[in-house]
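I am opening a new page for this structure.

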Amino acid sequence: MHQQTVNPAGIKPQLLADLWHAAGDQHKSADLRLRYLWTLHALGGLTEAHVATLLQDDDEDLRAWSVQLTLEDGKVSADLLKQFEQHAATDPSPVVRMYLASALQRLPLDQRWTIAGNLAQHAEDADDHNLPLLLWYGLEPLVPENAAAAMKLAMTSKIPLLRRYSVRRASSDDATVGEVVSLFSQPMAAEIQQELLNEMLASFEGRVAIPMPKTWQTAYDRLQTVDDQGVRDKADQLAVIFGDQRIYPRMRTLLSDPKQDISRRRQALDVLVRGQDKAAAEVLLSDAVLKNEQLQSAAVRALSSLGSDAVPDALLKSYGSMNAAVRGDVISTLVSRPTWTASLLDAIGTKAVPAADLHAYHVRQILAFRNERLNDLLKQNWGEIRETSADRKAQVETWKKTLTPAALKSAHLGNGRRVFSKTCQNCHRLFGTGGEIGPDITGSNRANLDYILENILDPSAVVGRNYQMTVVALKDGRIVSGLLKQETDSAVTIQTINDQVVVPKADIEDRSLSNVSMMPERQLDALSKTDARDLIAYLASPTQVTLSGPPSPLDAKTGKVPGAIEGESMKVVEKTDGNTRNQPMGGFTKDRWSGNDHLWWTGAKPGSRLALEFTVDQDGTYQVDTAFTKARDYAIVRLSIDDRILDAQLDFFNQPDVITTGVLSYGDVPLKKGAHRLQLEIIGAHPEAAKAYMVGVDYLRLVPQDAVSEKVPQDRP
């Protein structure tokens with residue numbers, strides 16, 4: 001920008017004067033005036049005097065472009081800067097304000113403050129798609145430069161995004177986080193306190209060893225007097241991050257108190273884990289926590305880092321009464337330490353824990369200890385470990401002989417989806433449903449049998465870099481293995497098969513990148529031939545299907561499932577609400593029920609329980625086969641036998657037809673001779689269901705485990 005016209009190309013001054021006259025002529029269209037202005041600028045004829053005049057023009061585009069063209073080189077005189085600052089405060093046009101916000105990034109840092117502060121006062125720009133972000137891009141470098149001034153600007157801003165982003169940016173630096181903490185000495189609404197605390201917590205994700213600011217203890221005391229419980233809870237989380245030891249006893253008391261709200265108890269558990277409070281182990285192992293279904297899984301995972309020598313015995317003692325998901329957490333926790341792993345392998349040897357519960361992922365973690373005794377126990381109690389490519393190819397060929405086109409044509413896709421939900425869905429997405437640990441397989445080559453089998457049986461054959469497993473050996477003897485999700489200057493975040501673990505770098509003894517996939521190998525090993533067939537067929541399906549079990553094996557003559565205990569014949573031994581009676585089902589033609597009848601439970605509500613008695617003739621381990629009714633007004637239930645949860649969440653919703661669930665099978669259930677209880681607890685209903693919370697029990701069948709259909713013969717991976 002020039003005070004006088006510069007004419008290096010020998011352009012006639014009259015031409016420049018004419019261009020300026022045309023650009024300033026308000027009788028011409030705005031588009032034409034802009035063209036004259038751009039030409040004048042390109043020829044080096046735009047002066048600060050011209051810009052001062054344009055800033056007063058009635059057309060917003062002329063004003064905006066005068067800013068843009070002036071600051072292309074990032075230089076501006078003091079007089080013109082003051083005019084820009086004034087327009088940032090008073091210009092009614094969002095276009096001009098947007099150009100001023102964009103220009104901030106070209107100005108020296110010390111010239112940005114007033115423009116940014118004035119632009120931040122325009123509440124009408126808070127919901128603009130671009131302006132708040134452009135303003136933040138210009139403001140962001142000022143935060144570490146002068147955090148105190150940046151916090152003052154943020155707290156007086158009428159654009160919430162600037163306040164949130166400024167607080168998060170200042171919190172991300174140990175040198176400036178104290179300025180954020182100091183804000184809590186000011187009076188402010190509880191919702192603003194919540195907002196600031198949320199941004200601080202977000203900035204601390206994946207970081208450890210954040211030094212406590214000098215102003216923290218006073219700020220914490222003040223926050224604890226706020227009426228809002230959410231504010232106090234988030235302040236507690238910050239206290240742990242800053243290493244404030246005052247918080248731990250109170251969090252242990254809160255966690256152990258069954259009278260407290262479950263969400264607050266869960267938050268207390270998270271706080272204790274984040275703070276690595278070793279004294280919390282006793283509370284985590286208490287009945288108040290370990291037997292609470294809503295805390296159980298998180299507590300088991302927490303014990304991997306907080307646990308004591310009492311952990312293996314306590315977890316193995318309760319193993320049989322836990323649901324499948326929690327049992328998986330127990331396995332993952334026990335294989336995190338060598339001595340705990342030995343206890344687990346001993347339990348597998350005595351059949352207290354089924355060998356099938358130990359997956360190849362866990363085996364790899366055990367091998368990572370490089371412990372001869374553990375390797376011997378693994379071989380003795382679990383099986384041989386073979387890792388050759390020839391073994392993998394043989395496995396593929398064996399399954400291809402079983403999964404013929406004719407076999408796959410007879411598959412039950414609904415049961416395949418049910419198997420997928422129990423074995424694959426935690427990690428993979430298919431048809432928009434599932435986890436994001438592994439890749440989304442919706443668009444993969446699923447219809448190709450070779451492709452599917454090779455990836456299921458030998459997932460480590462080709463591993464994308466994003467899915468290579470990181471193995472971290474810690475100084476306390478633990479092993480953590482999984483996908484590297486985040487790395488900061490102080491910690492790494494590892495996604496394991498069942499948890500996300502933040503590992504301080506100071507605790508790491510060794511870290512390596514494995515060439516094997518995180519996905520367990522040979523996942524078909526643990527499935528029956530029927531389930532394996534149905535899973536493979538479902539994976540090849542071009543569209544989503546309804547989740548269900550395979551059809552019930554009805555006898556053609558009797559119309560009943562051989563050996564089944566009919567639901568309507570079972571004795572009701574507990575019913576907290578509602579009514580039960582048999583309901584003939586012959587009129588519902590979309591499916592078939594055993595004996596064309598079921599036990600119908602109506603008039604119940606969430607929290608209601610029903611227990612049905614059945615008798616076992618002899619001690620043994622059984623596969624429990626069940627079938628229920630599904631309809632548009634049916635409930636979601638928790639299913640258990642005695643104290644053993646079979647399924648934590650069974651959804652009986654279906655629309656529009658009334659159908660059965662098909663056969664739902666639960667293997668390796670130990671039962672002693674005598675009377676037992678099949679228990680159903682209503683826990684809710686599908687969002688689209690009519691909230692009548694009905695339940696229909698078709699039948700229960702006990703099949704000795706050794707009589708269950710043989711699996712395809714194969715060696716351990």
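**Entry 1**

I started with aspartate 642. The model is predicted, and in it this residue counts as partly exposed, with 27% relative accessibility. I placed aspartate 642 in the loop between strand 14 and strand 15. Its phi is positive, about 55°, although the residue is not a glycine.

I then looked up glutamine 276, another residue other than glycine with a positive phi, here near 50°. Glutamine 276 sits in the loop between helix 17 and helix 18. I noted 33% relative accessibility, so glutamine 276 counts as partly exposed.

Aspartate 277 is in the loop between helix 17 (262–274) and helix 18 (281–284). Is aspartate 277 buried or exposed? I read 8% relative accessibility, so aspartate 277 counts as buried. I left aside neighbours within four places in sequence and found aspartate 277 in contact with Tyr248, Arg252, Leu272 and Leu306.

I also checked a peptide bond. Glutamine 655 and proline 656 are joined by a cis peptide bond, with omega about 10°. Proline 656 lies in the loop between strand 15 (644–651) and strand 16 (659–660).

**Entry 1: helix 8 and helix 10**

I went through helix 8 next. Seven of its nine residues are buried, so helix 8 is largely enclosed by the rest of the structure. I listed the buried ones as Leu131, Pro132, Leu134, Leu135, Trp136, Gly138 and Leu139. Their cover includes helix 6 (94–103), helix 7, helix 9, helix 10 and helix 11.

Helix 10 spans residues 147–156, and I found Ala147, Ala150, Met151, Leu153 and Ala154 buried in it. Looking down the axis of helix 10, I see these buried residues within an arc of 160°, so they line one face of the helix. The cover over the buried residues of helix 10 includes helix 7 (113–119), helix 8 (131–139), helix 9 (142–145), helix 11 (160–171) and helix 12 (177–182).

Which residues of helix 25 are buried? I found Leu374, Leu377, Leu378 and Asn381 buried in this helix, residues 372–381. They cover an arc of only 100° around the axis, so they are on the same side of helix 25. I noted Glu372, Asp376 and Gln380 as exposed residues on the face turned away from the buried side. The buried residues of helix 25 pack against helix 23 and helix 24.

I followed this to isoleucine 348, which lies in helix 23 (residues 338–349). Isoleucine 348 has 4% relative accessibility, so it counts as buried. Beyond its neighbours within four places in sequence, isoleucine 348 is in contact with Val353, Ala355, Leu358 and Asn381. I also looked up a C-alpha to C-alpha distance: isoleucine 348 and alanine 635 are 36 Å apart in space and 287 residues apart in sequence.

**Entry 2: aromatic pairs**

How many aromatic pairs does the structure hold? I count 10. One of them joins phenylalanine 588 and tryptophan 593, a tilted pair with 6.3 Å centre to centre and 55° between the planes. Phenylalanine 588 is partly exposed at 31% relative accessibility, whereas tryptophan 593 is buried with a relative accessible area of 1%. I also noted a cluster in which ring pairs link Phe204, Trp216, Tyr220 and Phe242.

**Entry 3: cavities and a pocket**

I logged three cavities of 30 Å³ or more. The largest cavity has a volume of about 180 Å³. It is lined by 17 residues, and Ser304, Ser332, Thr496, Asn498 and Val501 are the closest to its centre. Helix 20, helix 22 (324–334), helix 24 (360–367) and strand 4 (479–487) each supply at least two lining residues. By class, I find five nonpolar, nine polar and three charged residues in the lining of the largest cavity.

I ended with the second largest pocket, which holds about 550 Å³ of space. Its lining has 22 residues, with Lys291, Glu293, Ser321, Asp643 and Ile645 nearest the centre. Among the elements that each supply at least two residues of this lining are helix 20 (293–306), helix 21 (311–318) and strand 14 (636–641). By class, the lining of the second largest pocket has six nonpolar, six polar and 10 charged residues.

Methods
Residues are numbered from 1 along each chain as its sequence is written. This is a predicted model: local features need pLDDT of at least 70, side-chain atom pairs count only at pLDDT 80 or more; totals for chains, interfaces and linings use all residues. Side-chain values use heavy atoms; hydrogens and water are left out. On a 1 Å grid over the protein atoms alone, a cavity is a set of points where a 1.4 Å probe fits but cannot get out, and a pocket is an open set with protein on both sides within 12 Å along at least five of seven lines; lining residues have an atom within 4 Å of a point. Grid points are joined across faces, edges and corners, and a volume is the space filled by probe spheres set on the points. Helices (H or I, at least four residues) and strands (E, at least two) are DSSP runs, numbered from the N terminus. Ala, Val, Leu, Ile, Met, Phe, Trp, Tyr, Cys and Pro count as nonpolar, Asp, Glu, Lys and Arg as charged, and the others, Gly among them, as polar. Buried means under 20% relative accessible area, exposed over 50%, partly exposed in between (1.4 Å probe, protein chains only). The arc is that of the directions from the helix axis to the C-beta atoms. Contact means heavy atoms within 4.5 Å. Rings of Phe, Tyr and Trp (its six-membered ring) pair if their centres lie within 6.5 Å; planes under 30 degrees apart count as stacked, over 60 as edge-to-face and the rest as tilted.
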